[in-house]
Every structure is written in structure tokens, then in C-alpha cells.
Amino acid sequence: MQRFVVLFWIVSSGCVLRAETVLVLPFSNQSNSANSSTNVDWIGESISEAVRESLVSEGVLALEREDRLEAFRRLSLRSNAVLTRASIIKAGEALDASEVVYGHYDLTPAGAGAGGSGSRGVLRIGARILNLKRLKQGPELEESGAVEDLAALEARLSWQVLETLAAKIAPSEEEFLRARPRVRLDALESYIRGLLAANPEQRHRFFMQAARLDTAYSQPCFQLGKSYWSKKDYRDAAGWLGRVHRGDPHYLEAQFFLGLCNYQMGDYTAAVKCFETVAASVPLNEVYNDLGAAQTRSNLTAAIESFRKALEGDSADPDYHFNLGYALWEAGQFPAAADRFRAVLERNPNDEEAATLLNRAERREPPRPGNEGYERLKTNYEETAFRQLKAELGGK
């Protein structure tokens, strides 16, 4: 965790060190058929998301979709617009990206020369990568096939992009494709339409439909889990989050929120397991903090150690001082606990709970039955920021 502190200091102090980041733009619809132009615009967003998530899952720093949406809003760009080279450069520069992935697709409907019976048509996808540092554009990467095989086409294109951007870390194409199970076209469409939906009710309906159409498709499960979590419906949230599989780029985030759900439902053993899974890959302060909170119910020694790690990562946060003080008080280490509660009050003099526990620690008054539940949880999850900070020192 000390390394994370150094990384944070480098960024906050204005150091010019920058990690290489990739921006993936929505692919533009170049279909000639009037019948397909309005109904398949979602495919451009789907290709973009598939490429972006594949890069993230292989360790490439690809910018979040929300970042791109905000940049488009500031630049007055429409997500489904055919972008000029100047607009592509502006979007990349607005997000401080090193490379921009963009492209187009063309759907030839069945009966219009597409060939093959039973298919809705042939989809042709072309992608390019623009290096913003050298303003150099790479060769076009292409994939084509039946539109029903969109997920497979996206996976093969994603591998080409990964191989072009980061050949040293790219697995073999066979291994890459094997890790990405095929998704039904209607489920994929429902999921993307959920991402594009204007209000929460529409999003929920599309995500639910996607999950029902393809039960092995975990992306809508993650979205549904986060939605139920925000409503404090912990049982339903846990049910959906538990269905996010390990190959999903949201797996660790799903485990983090699943741990919080289990904690809220009183299943502290399950919560510990979730937080330990996340901490093994992403040792964030908030993960260690919540792990310690779950451990206080069964293993105070382990909880104290977890809280210490969170505090080492951010000694300015009064909640980390409070939680460590609470665990030390529970363990009967009254002087050490009092020191932590004083540290809380130095940072927040109006913290009545810390003042009460400081008084008890100074009087060496042990906890009484029913005193459980003082732990303060963290619900922010900053995996992307952590990976970017780590990358700024070359992953060392």
C-alpha cells in the first residue's frame, strides 16, 4: 500500500508522468440500406464497448465509457455521428489519450446480396488506431460475417486491436477467443440498448431482458446488481452480482459490492471472502477498510491488520483512524485505541461517536454486548484509478 501512496503523491503533486491510455470511440454506421440505418445504430456502441472491455480485461488502460460521454458532451458531439479526423483528435486530446480506436460498420441485409438463408445479413467492420503523439494512423483492421455472430466478430476484432496496441501482453488469438463466450444477438442488443436508455426504468427493463435471453451473459447481471445496490435492495443485488463471472472485466468490482451486500445482510464470512478476492488483485484502501469491518466479527487480529493497511494508504481519512481505533478498543488495547480516536477528532472535532469512544477507551471501559456495528464502510471503488496510477510507474 505504501507504493500506492507514492503513486498518489506523484499525480497529486503535478508530476508530468503519464500512463499510456486508449480511447475507444463508437463505430459509425455506414450501411446504405434505409431499412437498417435506424434499427442497428446500437451496433456501433456494442463494438466500442466490446473492444474497450477486452482491452481492460487484458491490462490495457482504456478510458471508461462515462469519460467518453462527458468529452462528447463538452465537445457537442453526437455518439452515433460520423466523426471527422479533426473530431477524433479533439476527443482524444480532451481525454489525454495516447491512442484512439475508431471505425465503421456496414450491414448488408439478407436478400440484398448478403447470401445465406436464415440470416439477417452480413456485417462488415473496419477499425483504425490513431496514435495521437505522432498523429500516425495504423492500417485498417477488418472482420466480417453474419450479423448473428456479432459477439464473435467483436471478439476477433478486439484481439486484432490488442495485438496492434500491446503485442507483448496479448495472449494467442485462440486463448483470447476461448475466454469470451458467444452471446446471443438479441441479448447483446438488449444490453446495449440498456446502456443507451434515457431513464433508469428503461435501462432496468433492457438489462433484465438481456439477462433472461442469455443466462450466461454477465454484463447485464453487473448492471442489475449495481442498480439494486443503489436502492439498498441488498438481497437482489447480491443475487445478480454473484452471477458476474471471473472473465468479466467488472468481476472485481462486482465482488466488492457483493461483499458490501453480504456485510449488510449479516453474512460476514462471505463478505470477508469477497473482499479478500478483490484485495489480492486491487489492494485499494477502501477494500482493506471494508475487509477489516467484516473481520471484526470473527477475527480482531486480522481486522486490526487490515485497518492498518487502509490507514497506511491514506492517513488523512478520519474513518480509517476511527475503524482502527474501534478494533483496538474491541481488542482491549485501550491506549492505542485512544490515540486513534484523538486522531479522528483532530481531523473532525465534531465527531461525537469518536468522542464517546475516546472517553470509554481512556477509562479502559471494555465493550458491552450489543456494541457491535460501529465500523465505517467505504462504498467508493477506484480500480481504474489504481491501475492507471500503477501504470505510471511502469507497473512496478
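Helices (H or I, at least four residues) and strands (E, at least two) are taken as DSSP runs and are numbered from the N terminus. The structure is a predicted model, in which local features need pLDDT of at least 70 and side-chain atom pairs count only at pLDDT 80 or more, while totals for chains, interfaces and linings use all residues. Residues are numbered from 1 along each chain as its sequence is written, and side-chain values use heavy atoms, with hydrogens and water left out.

The protein chain contains 19 helices and 6 strands. Of its 396 residues, 50% are buried, where buried means under 20% relative accessible area, exposed over 50%, and partly exposed in between (1.4 Å probe, protein chains only). Contact is defined as heavy atoms within 4.5 Å. Among the contacts in the protein chain with a separation of 6 or more, 60% are between residues 24 or more positions apart.

Confidence is given by pLDDT, the predictor's value for each residue, from 0 to 100. The mean pLDDT of the protein chain is 89, and 90% of its residues reach 70 or more. Helix α11 (residues 234–241) has the highest confidence, at 98, and helix α1 (residues 2–12) has the lowest, at a mean of 38. The pLDDT is below 50 over residues 1–17, a stretch with 24 contacts in the model beyond near neighbours in sequence. Where pLDDT is low, the predicted coordinates should not be read in detail.

Helix α10 (residues 219–230) has 12 residues. From its first C-alpha to its last, helix α10 reaches 17 Å, close to the 16 Å expected at 1.5 Å a residue; the expected span is 1.5 Å times one less than the number of residues. The buried residues of α10 are Q219, P220, C221, F222, L224, G225, Y228 and W229. These buried residues pack against α3, α8, α9 (200–213), α11 and α12. An α-helix has 3.6 residues a turn, so residues three or four places apart point the same way. Just after α10, K232 takes a positive phi of about 65°.

A nonpolar core is a set of buried Ala, Val, Leu, Ile, Met, Phe, Trp, Tyr and Cys residues joined through side-chain atoms within 4.5 Å. The largest nonpolar core has 100 residues, of which I43, L55, L123, F341 and Y381 touch the most other members. Helix α12 (residues 251–264) supplies the largest share of this core, 9 residues. Not counting residues up to four places away in sequence, I43 touches Y105, L123, V147 and L150. A second, separate core of 14 residues includes F72, A91, A97 and L130.

F72 is also one of the contacts of L77, along with L83 and S87, when neighbours of L77 within four places in sequence are left aside. L77 is found in the loop between α4 and α5 (85–94). L77 and S87 are 10 residues apart in sequence, and their C-alpha atoms are 8.1 Å apart in space.

Side chains of opposite charge can pair when their charged atoms come close. A salt bridge is counted when a side-chain nitrogen of Lys or Arg is within 4 Å of a carboxyl oxygen of Asp or Glu, and the count comes to 27 salt bridges. In one of these, the closest N and O atoms of E45 and R68 are 2.7 Å apart. E45 lies in helix α3 (residues 42–57) and R68 in helix α4 (residues 65–74), so the pair ties together parts that are 23 residues apart in sequence. Both E45 and R68 are buried.

E64 forms a salt bridge with R52, with the closest N and O atoms 3.7 Å apart. Because E64 lies in the loop between α3 and α4 and R52 in helix α3, this pair ties together parts that are 12 residues apart in sequence. E64 is partly exposed, with a relative accessible area of 25%, whereas R52 counts as buried at 5% relative accessibility.

E58 forms a salt bridge with R180, the closest N and O atoms being 3.3 Å apart. This pair links distant parts of the chain, 122 residues apart, with E58 in the loop between α3 and α4 and R180 in the loop between α7 (173–178) and α8 (185–196). At 23% relative accessibility, E58 counts as partly exposed. Salt bridges that share partners also join D317, D319, D351, E353, R376 and K378 into one network.

A disulfide is a pair of cysteine sulfur atoms within 2.5 Å, and the count comes to 0 disulfides. The cysteine sulfur closest to that of C261 is in C274, 9.0 Å away, which is too far for a bond. C261 is buried, with a relative accessible area of 0%, and C274 is buried, with a relative accessible area of 6%.
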